[in-house]
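Let's take a walk through this model, one piece at a time. Have the viewer open and follow along.

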Amino acid sequence: DADSSDRERLVEDFWRRMDPTPGNEGNEVKDEFFRRIQHANDHYSSPSVIGWKTDRGRIYIRYGQPDEIERHPFEMGYKSYEIWYYYMLGETFTFEDIFGDGDYRLKPN
């Protein structure tokens with residue numbers, strides 16, 4: 001149908017514009033994007049949410065591997081949490097396992 005062919009063309013145009021080396025075969029940016037999605041699915045999925053839809057997955061897909069991850073799985077009086085540091089970007093993200101189900105939620109700064 002026309003809508004799906006228009007959508008496919010828009011997606012192809014997007015990836016073509018994002019290609020850092022248009023003369024070469026392949027698209028490094030597209031390949032890295034899908035590699036990050038797979039990594040998020042493999043490492044940040046919870047029993048109820050696939051990895052790319054989780055807060056940690058979305059941050060990983062956008063920013064890549066953090067420079068450092070500080071993990072706090074067992075601290076008396078606290079829920080499990082992680083702090084992700086992106087030093088070059090000047091960004092820090094804190095995730096908390098609010099419900100104890102492995103779905104770490106991004107805490108507001």
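Leaving aside neighbours within four places in sequence, which residues is Ser 46 in contact with? They are Asp 101, Gly 102 and Asp 103, where contact means heavy atoms within 4.5 Å. Before going on, note that this is a predicted model: local features need pLDDT of at least 70, side-chain atom pairs count only at pLDDT 80 or more, and totals for chains, interfaces and linings use all residues. Numbering starts from 1 along each chain as its sequence is written, and side-chain values use heavy atoms, leaving out hydrogens and water.

Back to Ser 46, which sits in the loop between helix H2 (28–43) and H3; helices (H or I, at least four residues) and strands (E, at least two) are DSSP runs, numbered from the N terminus. Ser 46 is buried, at 11% relative accessible area; buried means under 20%, exposed over 50%, and partly exposed in between (1.4 Å probe, protein chains only). Arg 7 is 39 residues away along the chain, and its C-alpha atom lies 30 Å from that of Ser 46.

Now for the sheet. It is open and antiparallel, with four strands in the order E1-E2-E3-E4; two strands pair if DSSP finds at least two bridges between them. Strands E1 (68–72) and E4 (105–106) stand at the edges with a single partner strand each, so one side of each has no neighbour in the sheet. In the antiparallel pair of E2 (residues 81–86) and E3 (residues 91–96), there are six bridges, and Tyr 81 has Glu 96 in E3 as its bridge partner.
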